[in-house]
Amino acid sequence: MWTFAFKRLLSGAVTIWFIATATFFAMHAVPGDPLTRDKAMSPAVRAQLEQRYGLDKPLVTQYRLFLGNMLKGDFGISFTQENRRVNDIIREHFPVSAMLGITALLIAFIGAVAAGSIAAQFRGQWPDRLLMMAVVAAISVPGFVIAAVAQLLIVQLNNRLGQPLIPVAGWGGFSHLWVPALVLGLGTMAYLSRLMRASMLEVTNSEYILAARAKGAYGWRLFWSHQLRNALLPVVTELGPAIAALTTGGFVVELIFAIPGLGRYFVQAVQQLDYTVIMGTTVFYGAFLVIMVVAVDIAYGLIDPRIRYSRGR
Amino acid sequence: MNLLNVENLQVEIGRGPNSVKAVRGVSFSLAEGEFRALVGESGSGKSITGLSLLDLLPSKSVRRADRFQLENLALPNQHHGQWRKLRGNRLAMIFQNPMTALDPTQKVGWQIAEPLCIHRGLSRRQAWQRAIELMERLAITDAEKRAHRYPFEFSGGMLQRVMIAMAIACEPQILIADEPTTALDVGVQQEVLGLLNELRESRGTAILFITHDLGVVAKIADSVSVMYAGQVVEQGPVETFFTGSTTKELHPYSKALLAAVPDLSGGKPLQGIAGQPPDLRRPPSGCGFAARCSQRMEICDQAPELFHDANGDHRCWRWHEAFQTYLSQQGQVRGAQHD
Ligand SMILES: Nc1ncnc2c1ncn2[C@@H]1O[C@H](COP(=O)(O)OP(=O)(O)O)[C@@H](O)[C@H]1O
Ligand SMILES: [Mg+2]
């Protein structure tokens with residue numbers, strides 16, 4: 001399995017190179033550049049700046065320079081934030097995004113496994129109906145609406161209590177973290193819940209569960225040692241896409257809740273055509289997702305012996 | 001004394017007018033070491049009968065019985081915690097397809113060890129050790145290594161041995177085997193049958209062997225129960241069942257079953273009884289087989305009870321006292337004419 005993971009990482013590197021190249025040329029194809037501002041700039045100043053940032057060089061040369069620096073792990077200096085290195089931006093702000101993302105993923109995954117299992121257990125009865133109604137609502141309402149509603153509710157709650165119980169926005173301890181994480185994870189949780197329910201129903205009706213019951217297994221033993229593991233398989237395969245969805249969803253949630261994560265800088269950079277920041281964050285996110293997908297594959301192999309063995313040999 | 005007595009078992013799956021009356025009167029007993037074959041066309045309720053012995057019916061099923069007794073223990077009609085202590089312990093089951101009846105994500109060693117942890121309170125390590133012994137007993141070579149393997153790494157025959165090991169781990173008194181050889185190659189079928197036979201001889205395990213392979217029945221069964229449309233229509237010792245067609249009368253359905261088997265030793269599946277079994281959502285009020293029966297009479301519109309005679313039980317009006325008297329008179333008349 002580990003050779004398999006290594007191969008996946010290798011092909012991931014190619015993917016990242018492709019992403020980097022595509023982003024590089026797409027970015028340069030957009031009219032304007034980081035120096036295009038509202039304020040007029042004298043041609044002399046502009047030329048000087050262009051020279052300083054290397055924008056006067058031919059595009060292919062710029063590309064070569066960029067690739068060379070990227071391999072050294074250096075993404076250069078931001079155009080719009082004076083003297084800030086892109087690496088520093090990532091180092092300072094990614095942990096915030098990661099914290100938010102991981103919390104959201106945990107909430108989504110654990111919530112989905114619980115909700116899906118309960119719904120399957122009570123198939124057709126009120127807990128199932130209620131949960132599935134909530135799932136449809138959570139899937140069909142966009143994340144930013146849920147975020148706004150959540151903020152409204154918090155404000156009302158705080159007003160009612162006369163003291164700020166839950167912060168409406170900002171970043172700090174756990175109290176700042178859980179509402180945005182819940183909002184971010186909600187859609188994913190809903191989607192995974194439905195998957196978990198279907199998969200749990202299938203497992204429950206399978207012959208091996210009947211056979212396990214014929215051995216005398218029931219209740220929690222049956223659930224932990226036979227139902228859960230099998231039912232998790234299709235859900236775990238969906239974790240890769242789920243992580244991607246949470247990463248991109250994080251951009252919006254960070255903006256709404258004023259969280260100083262990397263997503264906000266990424267969105268800003270795109271708006272301002274901050275070449276180095278765009279390239280840096282894109283490549284970084286690309287690498288992050290590739291690693292996550294491989295991690296999910298490994299997790300899948302750990303749960304399903306069939307995969308583990310077929311890939312390992 | 002019998003290990004198991006079942007009287008007038010009834011199972012209804014689902015609710016309302018479209019519920020399936022899958023079992024509509026099954027009575028039989030199992031003595032120690034008895035090998036009873038339960039035969040009948042597919043859909044006749046054999047599996048449901050087997051599952052109801054373990055209280056493992058589909059959800060929304062209702063089970064009723066006049067008597068349901070395991071040795072001295074009268075079993076409740078409804079779901080009850082009592083069943084859990086019996087399943088895999090005193091009563092165990094082997095399923096038709098070992099490929100789908102084993103958990104794909106668990107080592108086979110654990111799957112065999114599990115009932116020992118549940119019912120005997122063994123530690124995981126002790127149970128694992130017992131599992132390896134069981135595997136060796138069932139002639140699985142390299143048991144120590146194989147116990148660590150997963151079901152997908154085994155062949156079908158090997159998996160059926162694993163399933164048997166799993167079922168007999170707690171030394172059950174009664175083993176229900178639901179077509180355990182149907183999904184296997186012919187050679188493997190013989191091995192599995194040999195294992196089951198050895199089990200009842202060495203341990204006195206009673207076996208309810210569900211099959212539609214009459215060849216198997218002829219070879220090793222002690223007694224046969226024939227099911228049709230949810231009912232036992234005939235049962236008795238295996239000798240009278242197979243010789244019945246020449247010396248004694250058999251139930252018309254049993255006759256049809258036997259006639260449909262081209263060669264008993266070939267063990268081919270049943271085929272070629274004209275017509276369809278009745279829809280068990282709306283079972284006929286009279287005899288279930290009447291619509292397909294070549295010896296149908298007027299009275300067959302009424303449901304026959306299970307008549308008893310020296311050869312066993314028969315659910316057919318031809319065993320009614322009046323009809324038997326009539327038949328014997330006919331015989332005498334015919335005998336007189338011959339003189
Ligand atoms: N889970 C179920 N839900 C509804 N009907 C079922 C279910 N399982 C079996 N039946 C019905 O019960 C009857 C007997 O089935 P079964 O015992 O499996 O037959 P056999 O094993 O003799 O082939 C059939 O009519 C079948 O359609
Ligand atoms: Mg069956």
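Visitor: What ipTM does the predictor give the complex?
Guide: The structure discussed here is a predicted model. Along with a pTM of 0.86, the predictor gives the complex an ipTM of 0.90.

Visitor: What pLDDT does chain B average?
Guide: In chain B, 93% of the residues score at least 70. The average pLDDT of chain B is 88.

Visitor: Which helix contributes the largest share of the nonpolar patch in chain A?
Guide: The surface patch is formed by Val141(A), Phe144(A), Val145(A), Val149(A), Leu153(A) and Val252(A), with about 490 Å² of accessible area together. Four residues of the patch come from one helix, spanning residues 143-161 of chain A. That helix is α6.

Visitor: Is Val145(A) buried, partly exposed or exposed?
Guide: Val145(A) lies in helix α6 of chain A. Its relative accessible area is 32%. Buried means under 20% and exposed means over 50%, so Val145(A) with its 32% is partly exposed.

Visitor: How far apart are the end C-alpha atoms over residues 94-118 of chain A?
Guide: An unreviewed UniProt entry lists several stretches of chain A as "transmembrane region", including residues 94-118 and 283-303. Over residues 283-303 the chain is 100% helix, with the end C-alpha atoms 30 Å apart. Residues 94-118 are likewise 100% helix and 0% strand, and their end C-alpha atoms are separated by 35 Å.

Visitor: What distance separates the C-alpha atoms of Gln129(B) and Glu144(B)?
Guide: Gln129(B) belongs to helix α5 of chain B, residues 124-137, and is partly exposed at 41% relative accessibility. Glu144(B) is 15 residues away along the chain, and the C-alpha separation is 8.8 Å.

Conventions:
Residues are numbered from 1 along each chain as its sequence is written. Chains are lettered from A and ligands numbered from 1 in the order in which they are written. This is a predicted model: local features need pLDDT of at least 70, side-chain atom pairs count only at pLDDT 80 or more; totals for chains, interfaces and linings use all residues. Side-chain values use heavy atoms; hydrogens and water are left out. Patches are made of residues with over 30% relative accessible area and no salt bridge: like charges are joined within 9 Å, nonpolar side chains (Val, Leu, Ile, Met, Phe, Trp, Tyr) within 5 Å. Accessible areas come from the Shrake-Rupley method with a 1.4 Å probe; for residues, only the protein chains shown count as cover. A salt bridge is a side-chain nitrogen of Lys or Arg within 4 Å of a carboxyl oxygen of Asp or Glu. Helices (H or I, at least four residues) and strands (E, at least two) are DSSP runs, numbered from the N terminus. Buried means under 20% relative accessible area, exposed over 50%, partly exposed in between (1.4 Å probe, protein chains only). pLDDT is the predictor's confidence in each residue, from 0 to 100. UniProt positions are given in the numbering used here, feature names are shortened, and annotations may be inferred rather than shown by experiment.
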